[in-house]
Amino acid sequence: MLWKARRIFEARPQSTNMGEKYYITTPIYYVNAEPHIGHAYTTFAADVLARYKRMTGADVYFLTGTDDNSQKNVEAAGKAGKDVAIYIDEMAAVWKETWKRLNISINGFIRTTEERHRRGVEKFWRKVLASGDIHKGIYEGYYCVGCESYLTEKDLQDGVCPLHKQKPEILKEENYFFKLSNYKEKLLKHIEQNPGFIQPKERRHEIINYITEHLEDISISRRSQKWGIPVPDDPEQVIYVWFDALINYLTAIGYGTDDKKFSKWWPADLHLMAKDIIKFHCALWPAMLMSAGLKLPKCVFAHGYFSIDGEKISKTLGNVINPTALCDEWGRDSVLYFLFREIPFGGDGDFSYERLANRYHGELSNGLGNLVARVTKLAGETPALGESGTSMLEDEVRDIGGRYKKSMENLDFEDALECVWSLVAFADAFLQEQQPWKKEADDKERIKALTSVCELLWHTSWLLEPFMPDTSEKIFEQLGGKEEGDLTSLVWNPERFKGRVVKKGEVLFPRKE
Ligand code: MSP
């Protein structure tokens, strides 16, 4: 029988095509503490998407960084008894190193204390000023340093910020204000005309309410603070940290310093974050961009918040999980698998060591790991794979491949992983039915079955890559090496196993007792 090489994906992903650019960002994190598992969660998610998009042939720019100009950082430096600039440099290095150790495939890292950022912020400020959207006024009210946000009486519970359980500062000073209220109708219209702009849709409703009910002009400078970017032509004041921080998404790709690079990457395709900071990204940020005459990001996606064994992640409770330590213990790929299989992306979720251990042993060690070991062992003992293949598994792989692609495009990571594991289950059932171990090594039926199941593992390994790059690499190695290519060129072609040396390698997920 002649092999018909068929694409496992019927169509290319809709939102990116071969060679298209894809610009994805995480929030820039405060450096008042080391990264915890919550920060790693967002960064992991962005990494999954960046890797997936690269696999579809897109030209990807994946950005993260640090929000250096926050008052929270200044306070943390004070507590550590360190000079602010030194403390921030040290901490930013810790964040950068963490992403490196966690195998995060970033293309750029921005710090808001960098000169390129300051230049871009200054340019941006002047544009907004020229649009007539900056005016002076007196700000009198509450400010929560924990939130780095102005609060109203209504926001407080028993006189304290409900999130940080702290009494807010009372501020009265002459500031510069941004005419956010000018953009109310424009923002609502943009959200209405671009249903994909804010996701998931629960967040869209929340933002529409917020814009309709609460949008007011906002103070964008602080006279009483010294740490930050000075207001252009008024060095007595520094720019409000959120106004400064949001602009990182522009300055990191050349705004104010490299026009060519900037026009290549802007607008962002996706700003990813948790729901805590979505108002800044879906009201203030687009209004700032409109005022500066720039395009808006295509999508802002806010995932949920997660707790640990039912408790809020907090230093006081002492339940902060260091992502590097966790990954050292369980393996980076396993942690990532657990997080995205366990918590439906977009909703709130809970982390538990017990469930991590269960999934590790059940789905990784006994599931995928065991399958790879069995198949590569049997195939390794079979003299000539690929001699006569079979399309027995092809339809299943094609259907699952299509569903996986849709799920990835919708950021439904849980379902994408479910797709991969349904291939694992399918392969197990197939082996059970064929029982190749009962046949002689050179039996035609045995060769056919094992060639098919190797090809299925081959595709499984591709689909795993965005989540578990090391594991995927190890599976390819055992299957005789990876071929150049991407998802758009992925075809069902068991004949690739002709002449390949398949051999059992290291145990993928050793059991932990
Ligand atoms: N510096 C601002 C962001 C400026 S972006 C222009 C900031 N920094 S932060 O360090 O507080 O990071 C907040 C983000 O960290 C959340 O939006 C989310 O991405 C991540 N998370 C922190 N804790 C988390 C959980 N417990 N659960 C999920 N995500 C978490 O806000």
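Author: Let us begin with Pro200, which is found in the loop between β8 (198–199) and α6 (201–214); helices (H or I, at least four residues) and strands (E, at least two) are DSSP runs, numbered from the N terminus. The model is a predicted one, in which local features need pLDDT of at least 70 and side-chain atom pairs count only at pLDDT 80 or more, while totals for chains, interfaces and linings use all residues. Residues are numbered from 1 along each chain as its sequence is written, and side-chain values use heavy atoms, with hydrogens and water left out.

Another backbone detail belongs to Asn103, which has a positive phi of about 55 degrees although it is not a glycine, and which sits in the loop between α3 (84–101) and β4 (108–111).

Returning to the region where we began, Leu188 is found in helix α5 (residues 184–193). Leu188 and Ile208 are 20 residues apart in sequence, yet their C-alpha atoms are 6.8 Å apart in space. If its neighbours within four places in sequence are left aside, Leu188 is in contact (heavy atoms within 4.5 Å) with Ile208, Ile211 and Thr212.

From here we can turn to pairs of helices, whose axes are lines fitted to C-alpha atoms over the stretch in contact, with angles that run from 0 to 180 degrees between N-to-C directions. Helix α4 (residues 115–130) and helix α10 (residues 278–292) have axes that come within 8 Å and cross at roughly 75 degrees, which makes α4 roughly perpendicular to α10; angles under 35 degrees count as roughly parallel, over 145 as roughly antiparallel, 65 to 115 as roughly perpendicular and the rest as oblique. Phe124, Lys127 and Val128 of α4 make this contact with Trp285, Met288, Leu289, Ser291 and Ala292 of α10. These residues divide into 6 nonpolar, 1 polar and 1 charged, where Ala, Val, Leu, Ile, Met, Phe, Trp, Tyr, Cys and Pro count as nonpolar, Asp, Glu, Lys and Arg as charged, and the others, Gly among them, as polar.

Another pair is helix α16 (residues 444–464) and helix α17 (residues 469–478), which pack at an angle of about 160 degrees with their axes 8 Å apart, so that α16 is roughly antiparallel to α17. The crossing of α16 past α17 is left-handed, a word used if the near helix is turned anticlockwise from the far one by less than a right angle, with right-handed for clockwise. On the side of α16 the contact is made by Leu457, Trp458, Ser461, Trp462 and Leu464, and on the side of α17 by Ser472, Ile475 and Phe476; by class, the contact of α16 with α17 has 6 nonpolar, 2 polar and no charged residues.

Finally, we come to the ligand, for which 24 residues lie around it, with Ile28, Thr42, Asp67, Ala274 and Asp276 coming nearest; a residue is near a molecule if one of its heavy atoms lies within 4 Å of it.
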